Amino acid sequence: MNGKIKHYGKIAYDGLITNNATFKLVLGTCATLGMSTSAVNSFGMGLSVTVVLLLSNVIISLLRKVIPNTVRIPAFVVIIATMVTLLRMVLEKYIPDLYDSMGVFLPLIVVNCVILGRAEAFASKQPVLDSAIDGIFTGLGLTCALTVIGIIREFLGSGSFFGIQVMDFKIGFFTNSAGAFFVYGICIALFVLITDQADKARRAKQARLLRVPAGDQPLPAVESSAEEVK
Amino acid sequence: MTVKQFFKSTAFKSLAVLIVIVLVAGALLAVFNDLLYVSDEERLARSLAKIYGTEVTAEEIELSEEERTYNNGTVDAVYYVQDDGNYLFQTTGKGGYSNGTVTLWTIITCTGSREENDLMLTGIEKVVYDSNSGQTLMGNFGESFYALFANQDELVAGGKDFTANENMTGDLNNIVAGASMTSTAICNAVNTALACFRTVFMGGEA
């Protein structure tokens, strides 16, 4: 039971941090740059991608033994396109404001590399529950990343926070494509810096824990783990 | 290859699986399209609620094809709002990014009545975004951008039009930096509503 929780935790951590679609894998850049002009739009886009990722991952995982390898890509595209079209219909009916603001980026989710990438690399090879967790957490990782970029661009570009005017200034550069690239680059650099530092700290802590006190007989398994960490 | 061999081949299996996936996806979309269909009446009610923030009674005015078509845009619909006596225009402006268009709702305020033939344009009360085709930067246009159209009553009543010119400054120049083509389409949509009101309702020349 504990092992299973650890396994699912690792999938979730990979989706959120280790393989963060936006900051680590730099996937779905078109939507990231285009939709991050405001925090609300970014959050909406992130959640839409999460829903499509979850549904397509589950369906593709369910059908992984039925779909022949030779036609897997067209089959995945049909499944993803169906999910995106369903999402469009739901948003148009129930959240028309978000549907309007997403414009052409909503149908473009079909060709978002994150979704096809996770379908090909994960869902087509793993069981349903694993794929569902991967879909949710990869989507949430993307949502968090998009929202952070959106908050920064909206604050600097329009002086507002989630649509609420908080400052009386505007730096037009941040609402443009160049500003989007600039903020995106800074965010990637900070994310990599922070995760690298955290990783180093974690490894150092692990090495300290595995260091054997003088006079004690080291266990072989522990010794090999310590070597790996070094 | 015999027929029996074909039916046992990977090619047939691949084809069959793809066809089944496409058929199921098609059926699913058909069902959901039926369930989630947004009718024209619902769209109009939604738009009116978005524009006025409350329920209003609006009567559609029939226009001929000639009265709908202008140089930089088209008039999709015109409504006479009985609650306040103003005219609500749904217009589409051309000249957007990638030859796309932007559709807006524009409330034109006026004095007089159409029946008496003494309608006078007094300004624009509000401009509300409706939809677009092919515009990628619609998110850049906030409330303050649309509010500028409503703050120029004197010039609008004097017969002036809006513009989105990067090299120009002035009261009627309304542009978002970096999205000049979409700004042009938006200005064209507003100008189309003004042109229609001036020519069709006031009997002037566009």
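Reply: Let's go through some features of this structure in turn, keeping in mind that the model is predicted.

Me: Happy to start with the contact between the chains. How many residues of chain A are in contact with chain B?

Reply: To read an interface, we list the residues on each side. Here 30 residues of chain A are in contact with 26 residues of chain B. On the chain A side, the elements giving two or more residues are α2 (29–35), α4 (72–94) and α5 (96–102). Of these, α4(A) gives the most, with eleven residues.

Me: What classes of residue does that side of chain A have?

Reply: The side of chain A that touches chain B has 14 nonpolar, 13 polar and three charged residues.

Me: Which way do α4(A) and α2(B) run relative to each other, parallel or antiparallel?

Reply: For a pair of helices, look at the angle between their axes. The axes of α4(A) and helix α2 (residues 10–35) of chain B come within 10 Å and cross at roughly 0°. Angles under 35 degrees count as roughly parallel, and α4(A) and α2(B) are therefore roughly parallel to each other.

Me: Which residues meet there?

Reply: From α4(A), the residues include A:Val78, A:Ile79, A:Leu86 and A:Met89. Among those they meet in α2(B) are B:Leu18, B:Ile21, B:Leu29 and B:Phe32. By class, this helix contact has 14 nonpolar, three polar and no charged residues.

Me: Now a single residue, please. Is A:Thr22 buried or exposed?

Reply: We count neighbours: 20 or more other C-beta atoms within 10 Å make a residue buried. A:Thr22 has 26, so A:Thr22 is buried. A:Thr22 is found in the loop between α1 (2–18) and α2 of chain A.

Me: What does A:Thr22 touch?

Reply: Leaving aside residues up to four places away in sequence, A:Thr22 touches A:Gly28, A:Thr32, A:Leu142, A:Ala145 and A:Leu146. Take A:Ala145: A:Thr22 and A:Ala145 are 123 residues apart in sequence, yet 6.3 Å apart in space, C-alpha to C-alpha.

Me: How do I read the length of helix α7 of chain B?

Reply: Compare its span with the expected one. Helix α7 (residues 180–201) of chain B has 22 residues and reaches 31 Å from its first C-alpha to its last, close to the 32 Å expected. α7(B) is also mostly covered, with 18 of its 22 residues buried. Just after this helix, B:Gly203 takes a positive phi of about 75°.

Me: And what domains does chain B have?

Reply: Its domain assignment gives domain 1 (3–36) and domain 2 (59–201). The C-alpha centres of these two domains of chain B lie 48 Å apart.

Notes: Residues numbered from 1 in each chain as written. Chains lettered and ligands numbered in written order. Predicted model: local features only at pLDDT ≥ 70, side-chain atom pairs only at ≥ 80, totals over all residues. Domains from an automatic or database assignment. Helix = DSSP H or I, 4+ residues; strand = E, 2+ residues; numbered from the N terminus. Expected span 1.5 Å × (residues − 1). Buried ≥ 20, exposed ≤ 12 C-beta atoms within 10 Å, placed from the backbone. Contact = placed C-beta atoms within 7 Å. Nonpolar A, V, L, I, M, F, W, Y, C, P; charged D, E, K, R; others polar. Axes fitted to C-alpha atoms, helices over the stretch in contact; angles between N-to-C directions. Parallel < 35°, antiparallel > 145°, perpendicular 65-115°, else oblique.
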